[in-house]
Amino acid sequence: KTALVLLETPSNPMLDIVDLRAVCEMAHAAGAIVVVDNVFATPLLQRPMAFGADVVVYSATKHMDGQGRVLGGAVLGSKKWIDEVFQPFFRNTGPSMSPFNAWVILKGLETMALRVAAQSANAEKVAAFLASSPKIARALYPTRADHPQQALAMAQMSAGGTLVAFEVKGGKAAAFRLMNAFQIITISNNLGDTKSLATHPATTTHMRIGAAERAKLGITDGMIRLSVGLEDAQDLIEDLGQALEQV
(Lines give C-alpha, C1' and ligand atoms only; values in the text may rest on other atoms or scores of the structure.)
Protein backbone atom coordinates (compact mmCIF):
# COMPACT_ATOMS: atom_id res chain seq x y z
CA LYS A 1 0.00 0.00 0.00
CA THR A 2 1.41 3.37 -1.02
CA ALA A 3 1.79 5.63 2.00
CA LEU A 4 3.67 8.57 0.53
CA VAL A 5 4.29 10.17 -2.87
CA LEU A 6 7.46 12.29 -3.14
CA LEU A 7 8.05 14.57 -6.11
CA GLU A 8 9.86 17.69 -7.22
CA THR A 9 8.63 20.25 -9.73
CA PRO A 10 10.28 21.72 -11.69
CA SER A 11 12.58 18.70 -11.76
CA ASN A 12 16.35 18.65 -11.47
CA PRO A 13 17.94 19.20 -13.94
CA MET A 14 15.50 18.96 -16.87
CA LEU A 15 12.89 21.35 -15.48
CA ASP A 16 10.03 18.94 -16.15
CA ILE A 17 6.73 20.04 -14.61
CA VAL A 18 4.55 17.70 -12.53
CA ASP A 19 0.80 18.33 -12.41
CA LEU A 20 0.47 18.92 -8.67
CA ARG A 21 -3.31 18.88 -8.51
CA ALA A 22 -3.60 15.64 -10.49
CA VAL A 23 -0.94 13.84 -8.44
CA CYS A 24 -2.44 15.01 -5.15
CA GLU A 25 -5.90 13.81 -6.15
CA MET A 26 -4.59 10.37 -7.16
CA ALA A 27 -2.40 10.00 -4.08
CA HIS A 28 -5.14 11.04 -1.67
CA ALA A 29 -7.58 8.65 -3.34
CA ALA A 30 -5.09 5.86 -2.57
CA GLY A 31 -4.70 7.02 1.04
CA ALA A 32 -1.20 8.46 0.58
CA ILE A 33 0.19 11.84 1.55
CA VAL A 34 2.07 14.01 -0.94
CA VAL A 35 5.47 15.54 -0.18
CA VAL A 36 6.76 18.15 -2.64
CA ASP A 37 10.36 19.29 -2.96
CA ASN A 38 9.72 22.88 -4.01
CA VAL A 39 13.30 24.15 -3.95
CA PHE A 40 13.53 25.05 -7.65
CA ALA A 41 10.30 27.05 -7.65
CA THR A 42 10.74 28.53 -4.15
CA PRO A 43 7.69 29.39 -2.00
CA LEU A 44 7.48 32.69 -3.88
CA LEU A 45 6.78 31.22 -7.32
CA GLN A 46 4.81 28.08 -6.46
CA ARG A 47 2.67 27.05 -3.49
CA PRO A 48 2.14 23.28 -3.59
CA MET A 49 -0.27 23.21 -0.66
CA ALA A 50 -2.71 25.28 -2.70
CA PHE A 51 -2.87 22.32 -5.11
CA GLY A 52 -3.34 19.73 -2.36
CA ALA A 53 0.18 18.85 -1.17
CA ASP A 54 0.44 17.76 2.46
CA VAL A 55 4.11 18.51 3.12
CA VAL A 56 6.57 20.83 1.37
CA VAL A 57 10.34 20.62 1.83
CA TYR A 58 13.16 23.00 0.96
CA SER A 59 16.91 23.10 1.00
CA ALA A 60 17.36 26.41 2.78
CA THR A 61 20.95 26.40 1.55
CA LYS A 62 19.63 27.44 -1.86
CA HIS A 63 17.46 30.55 -2.38
CA MET A 64 16.64 31.09 1.29
CA ASP A 65 20.27 31.70 2.21
CA GLY A 66 21.13 32.63 -1.35
CA GLN A 67 24.82 33.27 -0.76
CA GLY A 68 26.31 29.82 -0.16
CA ARG A 69 27.04 30.46 3.51
CA VAL A 70 25.24 27.77 5.49
CA LEU A 71 23.57 24.36 5.25
CA GLY A 72 19.96 24.00 6.29
CA GLY A 73 16.50 22.83 5.37
CA ALA A 74 12.84 23.56 6.00
CA VAL A 75 9.83 21.25 6.36
CA LEU A 76 6.30 22.66 6.14
CA GLY A 77 3.05 20.89 6.97
CA SER A 78 -0.20 21.23 8.87
CA LYS A 79 0.05 21.87 12.60
CA LYS A 80 -1.43 18.42 13.23
CA TRP A 81 1.17 16.68 11.03
CA ILE A 82 4.04 18.70 12.49
CA ASP A 83 2.92 17.99 16.08
CA GLU A 84 2.08 14.32 15.65
CA VAL A 85 4.53 13.10 13.00
CA PHE A 86 7.44 15.43 12.44
CA GLN A 87 8.05 16.84 15.91
CA PRO A 88 8.56 13.43 17.61
CA PHE A 89 11.04 12.42 14.89
CA PHE A 90 12.78 15.76 15.13
CA ARG A 91 12.97 15.59 18.92
CA ASN A 92 14.36 12.05 18.99
CA THR A 93 16.88 12.36 16.16
CA GLY A 94 18.07 15.93 16.74
CA PRO A 95 18.62 17.37 13.23
CA SER A 96 18.82 20.94 14.52
CA MET A 97 20.89 23.66 12.89
CA SER A 98 23.03 25.99 14.94
CA PRO A 99 21.53 29.30 16.13
CA PHE A 100 24.00 31.19 13.95
CA ASN A 101 23.02 29.27 10.80
CA ALA A 102 19.35 29.86 11.61
CA TRP A 103 20.04 33.58 11.97
CA VAL A 104 21.85 33.69 8.61
CA ILE A 105 18.91 32.02 6.87
CA LEU A 106 16.44 34.37 8.55
CA LYS A 107 18.49 37.32 7.29
CA GLY A 108 18.48 35.77 3.82
CA LEU A 109 14.69 35.54 3.87
CA GLU A 110 14.52 39.32 4.21
CA THR A 111 15.82 39.79 0.65
CA MET A 112 14.63 36.54 -0.91
CA ALA A 113 11.68 38.04 -2.79
CA LEU A 114 13.87 40.71 -4.38
CA ARG A 115 16.57 38.21 -5.31
CA VAL A 116 14.27 35.58 -6.79
CA ALA A 117 12.39 38.16 -8.88
CA ALA A 118 15.62 39.61 -10.30
CA GLN A 119 17.21 36.20 -10.87
CA SER A 120 14.09 34.89 -12.63
CA ALA A 121 14.07 37.91 -14.95
CA ASN A 122 17.74 37.28 -15.73
CA ALA A 123 17.09 33.58 -16.33
CA GLU A 124 14.38 34.34 -18.87
CA LYS A 125 16.78 36.57 -20.84
CA VAL A 126 19.59 34.03 -20.65
CA ALA A 127 17.28 31.25 -21.83
CA ALA A 128 16.23 33.34 -24.83
CA PHE A 129 19.86 33.93 -25.77
CA LEU A 130 20.77 30.25 -25.45
CA ALA A 131 17.76 29.18 -27.50
CA SER A 132 18.96 31.45 -30.33
CA SER A 133 22.48 29.97 -30.49
CA PRO A 134 23.21 27.46 -33.28
CA LYS A 135 25.62 25.70 -30.90
CA ILE A 136 22.84 24.86 -28.46
CA ALA A 137 20.66 21.84 -29.26
CA ARG A 138 17.92 22.89 -26.85
CA ALA A 139 17.33 25.37 -24.05
CA LEU A 140 14.78 24.57 -21.34
CA TYR A 141 12.96 27.16 -19.25
CA PRO A 142 9.48 26.45 -17.82
CA THR A 143 7.59 29.50 -19.07
CA ARG A 144 9.11 29.70 -22.56
CA ALA A 145 6.71 28.99 -25.41
CA ASP A 146 8.92 26.12 -26.60
CA HIS A 147 8.85 24.31 -23.25
CA PRO A 148 6.63 21.22 -23.72
CA GLN A 149 4.78 21.92 -20.46
CA GLN A 150 4.59 25.70 -20.62
CA ALA A 151 0.83 25.82 -20.01
CA LEU A 152 1.10 23.68 -16.88
CA ALA A 153 4.07 25.68 -15.62
CA MET A 154 2.18 28.94 -16.02
CA ALA A 155 -0.87 27.47 -14.27
CA GLN A 156 1.19 26.45 -11.22
CA MET A 157 3.99 29.03 -11.11
CA SER A 158 3.97 32.81 -11.09
CA ALA A 159 7.33 32.95 -12.95
CA GLY A 160 9.76 30.54 -14.59
CA GLY A 161 12.32 30.49 -11.80
CA THR A 162 16.07 30.95 -11.59
CA LEU A 163 17.22 27.76 -13.37
CA VAL A 164 17.91 27.15 -17.05
CA ALA A 165 18.94 23.82 -18.59
CA PHE A 166 20.59 23.65 -21.99
CA GLU A 167 22.30 21.08 -24.19
CA VAL A 168 25.53 21.95 -25.95
CA LYS A 169 26.06 20.30 -29.33
CA GLY A 170 29.17 18.12 -29.21
CA GLY A 171 28.50 16.22 -25.99
CA LYS A 172 30.67 16.12 -22.90
CA ALA A 173 33.81 17.53 -24.53
CA ALA A 174 31.95 20.58 -25.83
CA ALA A 175 30.13 21.09 -22.52
CA PHE A 176 33.43 20.99 -20.62
CA ARG A 177 35.08 23.43 -23.05
CA LEU A 178 32.18 25.80 -22.57
CA MET A 179 32.23 25.63 -18.78
CA ASN A 180 36.01 25.96 -18.57
CA ALA A 181 35.79 29.13 -20.67
CA PHE A 182 33.40 30.94 -18.33
CA GLN A 183 34.78 34.16 -16.88
CA ILE A 184 31.81 35.25 -14.76
CA ILE A 185 29.77 32.09 -14.26
CA THR A 186 31.21 29.74 -11.63
CA ILE A 187 31.26 25.93 -11.78
CA SER A 188 29.39 24.59 -8.74
CA ASN A 189 26.69 22.06 -7.84
CA ASN A 190 24.88 24.62 -5.70
CA LEU A 191 21.95 26.68 -6.99
CA GLY A 192 19.79 29.63 -6.00
CA ASP A 193 22.88 31.71 -5.21
CA THR A 194 23.41 35.38 -5.98
CA LYS A 195 26.29 34.21 -8.19
CA SER A 196 25.52 32.35 -11.41
CA LEU A 197 26.52 28.70 -11.07
CA ALA A 198 26.82 25.99 -13.72
CA THR A 199 27.03 22.24 -13.27
CA HIS A 200 27.33 19.20 -15.56
CA PRO A 201 24.68 16.78 -14.26
CA ALA A 202 25.95 13.68 -16.09
CA THR A 203 29.24 13.77 -14.18
CA THR A 204 28.03 15.25 -10.89
CA THR A 205 24.47 15.26 -9.54
CA HIS A 206 23.21 12.40 -11.74
CA MET A 207 26.40 10.41 -12.29
CA ARG A 208 25.39 7.49 -10.06
CA ILE A 209 22.13 6.64 -11.82
CA GLY A 210 24.01 5.40 -14.88
CA ALA A 211 24.00 6.28 -18.56
CA ALA A 212 20.90 4.25 -19.46
CA GLU A 213 18.74 5.92 -16.82
CA ARG A 214 20.11 9.36 -17.71
CA ALA A 215 19.19 8.73 -21.34
CA LYS A 216 15.59 7.96 -20.31
CA LEU A 217 15.46 11.27 -18.46
CA GLY A 218 16.99 13.22 -21.35
CA ILE A 219 20.15 14.05 -19.40
CA THR A 220 22.71 13.93 -22.20
CA ASP A 221 26.46 14.40 -21.87
CA GLY A 222 26.05 17.86 -23.39
CA MET A 223 23.47 19.02 -20.82
CA ILE A 224 24.35 21.86 -18.44
CA ARG A 225 22.25 23.19 -15.57
CA LEU A 226 22.65 26.92 -15.03
CA SER A 227 21.51 28.64 -11.86
CA VAL A 228 21.21 32.29 -12.84
CA GLY A 229 22.34 34.88 -10.32
CA LEU A 230 22.11 38.61 -9.79
CA GLU A 231 24.80 39.70 -12.22
CA ASP A 232 23.73 42.01 -15.03
CA ALA A 233 21.89 39.90 -17.61
CA GLN A 234 23.91 41.32 -20.49
CA ASP A 235 27.16 40.44 -18.72
CA LEU A 236 25.96 36.84 -18.37
CA ILE A 237 24.91 36.71 -22.01
CA GLU A 238 28.30 38.04 -23.10
CA ASP A 239 30.06 35.49 -20.88
CA LEU A 240 28.03 32.68 -22.42
CA GLY A 241 28.68 34.12 -25.88
CA GLN A 242 32.46 34.25 -25.51
CA ALA A 243 32.46 30.76 -23.99
CA LEU A 244 30.40 29.40 -26.89
CA GLU A 245 33.06 30.72 -29.26
CA GLN A 246 35.44 28.20 -27.65
CA VAL A 247 33.15 25.29 -28.55
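Q: Does Asp 65 count as buried or exposed?
A: The relative accessibility of Asp 65 is 0%. Buried means under 20% relative accessible area, exposed over 50% and partly exposed in between (1.4 Å probe, protein chains only). Asp 65 therefore counts as buried.

This is a predicted model, in which local features need pLDDT of at least 70 and side-chain atom pairs count only at pLDDT 80 or more, while totals for chains, interfaces and linings use all residues. Residues are numbered from 1 along each chain as its sequence is written, and side-chain values use heavy atoms, with hydrogens and water left out.

Q: Which side chain meets that of Asp 65 in a salt bridge?
A: A salt bridge is a side-chain nitrogen of Lys or Arg within 4 Å of a carboxyl oxygen of Asp or Glu. Here the N to O distance is 2.7 Å.

Q: Which residue forms a salt bridge with Lys 107?
A: The closest N and O atoms of this pair are 3.4 Å apart. Lys 107 is partly exposed at 37% relative accessibility. The partner, exposed at 56%, is Glu 110.

Q: How much space lies in the largest pocket?
A: On a 1 Å grid over the protein atoms alone, a pocket is an open set of points with protein on both sides within 12 Å along at least five of seven lines. Grid points are joined across faces, edges and corners, and the volume is the space filled by probe spheres set on them. For the largest pocket, this comes to about 280 Å³.

Note on methods: 1 Å grid on protein atoms, 1.4 Å probe; cavity = no way out; pocket = protein on both sides within 12 Å on 5 of 7 lines; lining within 4 Å.
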